[in-house]
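Please read these comments with the structure open beside you.

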Amino acid sequence: MSEDPTEAMAKGKIDLVPMIDCIMLLLLFFILTTKFTADEKAIASLLPTDKGQAPTPQTTPVEPPKMINVCIYPEGLVKGFQPSEYQAKYEALKKTVGDVLPTAYLRMGGSEAIVLDGNSFSRKGHKELQANIEIVHQHVHQKLLERENSAVALRKLQDPVVIHCFSGLSWKFALVAYDAVRNYEGSKMGSKMSKDPSEWDNAREVSFAPPRIRNYSARELGNELYEIVNMQ
Amino acid sequence: MSEGKKNGRLAVPVDDIEVDLVPMIDVVFLLLLFFMLCGHITMETRVEQITVPPTKTAQKLDTPDNWERIIVNVFGSTSAGKPPRNTIRVNNVNYVAQGIDNFEAYQKLRQVLDAAYDRAEKFPDPKNTGFMLPKVVLEIRADADTEYRVVQEVQQVVSGSINPFDGMKPMTISSPAQAKPFVFLNFTTRSPGDK
């Protein structure tokens, strides 16, 4: 039989049982509701407001700026085919390697394409990840350096970079290319993106091309591949 | 058998037994402290177990004072589910698009964003477009293997370039005051060295 709490108090003993009950409940709560995840980070981006369908104020017509196109499409596709042939090649590729294509070509303008190894981009701790990212960064850095417009001082006046990624490819390919361009810009600006989003407009414009297709009809996919593979 | 012994054991009256609870309390307190400090409560919006793509320029971006951050989880199912089933998760609610021509998830996203736009503090677009930009940073947290098409369409919907209520056709507005664009984006990513 347990001791009467008032008697125990009189003897100088403290009843710890209610406290243990509370602590155990708290512990149970934290065990059940907590989650251990690695800290995620982010890349800042600013979508343009002065393009597209929205009405814009009348301004003096100026020559549109040149664009630097970064083209990303399934590995193995080359120029010189018709849209229907690209469609057939893409379908054959999916039958061979699956719906998530593991590799892609990255080409800037008319340069030689390099291969992006997507397997390493979607697995944490992949041993070749850092090396693969470095290859992309070096290639993009080199090509952007060749296209650097030395006549303009402000980074925001440099030719905009547009990333054209085939819609059937994974997001990781487009983001790695975007990362490489941002890294180049960081090396030129000497700083990372400001903490204040309203000041992000000072950087060079880097954007993702709008989607070219709405439906997965054979003709649309073939046309999209035809456009991206043959883009300069 | 000597007095006070029973079956080879010391016979101790039950009332005299005292268990020392102090070591257990120490351990329980340490466990409690560990979970409180190291865990994240699952009520937060990053609950989806998705693998975001790695990037070298990734940095920890804080939400500035007086700004709101909305996290949009995007995870497609390129390799599973016929027809394709893509999911957008905002404010702990999943919106599923079953099939390529089903724009319901985008419509729900736009409704959430419209409400966020209305309650947000706004400032005029520095490019003099006439738009009022909300002080909201949208974080697009997309799985690495999500189709690029889905992420791109989410971007178009949040910027107000396409209208999910009109078959994803380009948005037409008669004046900038009608638009509710979100232009400050963060793409969630991880450092290449993260395990």
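The points below cover chain B first, then selected sites in chain A.

1. Ground rules. This is a predicted model, where local features need pLDDT of at least 70, side-chain atom pairs count only at pLDDT 80 or more, and totals for chains, interfaces and linings use all residues. Residues are numbered from 1 along each chain as its sequence is written, chains are lettered from A and ligands numbered from 1 in the order in which they are written, and side-chain values use heavy atoms, leaving out hydrogens and water.

2. Chain B overall. Its secondary structure comes to three helices and 12 strands. Helices (H or I, at least four residues) and strands (E, at least two) are DSSP runs, numbered from the N terminus. Of the 195 residues of chain B, 48% count as buried. Buried means under 20% relative accessible area, exposed over 50%, partly exposed in between (1.4 Å probe, protein chains only).

3. Contacts and surface of chain B. Contact means heavy atoms within 4.5 Å. Among contacts with a separation of 6 or more, 61% link residues 24 or more positions apart. The accessible surface is about 9800 Å², and carbon and sulfur atoms hold 54% of that. Areas come from the Shrake-Rupley method with a 1.4 Å probe; for residues, only the protein chains shown count as cover.

4. Helix α2 of chain B. This helix (residues 104-119) has 16 residues and reaches 23 Å from its first C-alpha to its last, close to the expected 22 Å. The expected span is 1.5 Å times one less than the number of residues. Its buried residues include Tyr106(B), Leu109(B), Leu113(B) and Tyr117(B).

5. Val154(B). This residue sits in helix α3 (residues 148-159) of chain B. Val154(B) is buried, because its relative accessibility is 0%. Beyond four places in sequence, Val154(B) touches Val72(B), Val74(B), Ile88(B), Tyr106(B), Leu109(B) and Ile140(B). Ile140(B) is 14 residues away in sequence and 8.5 Å away in space, C-alpha to C-alpha.

6. Lys143(A). Is this lysine buried or exposed? Lys143(A) counts as buried, because its relative accessibility is 16%. Lys143(A) is found in helix α5 (residues 129-146) of chain A. Leaving aside neighbours within four places in sequence, Lys143(A) is in contact with Met108(A) and Ser111(A).

7. Leu32(A). This residue belongs to helix α2 (residues 17-33) of chain A. Leu32(A) is exposed, with a relative accessible area of 65%.
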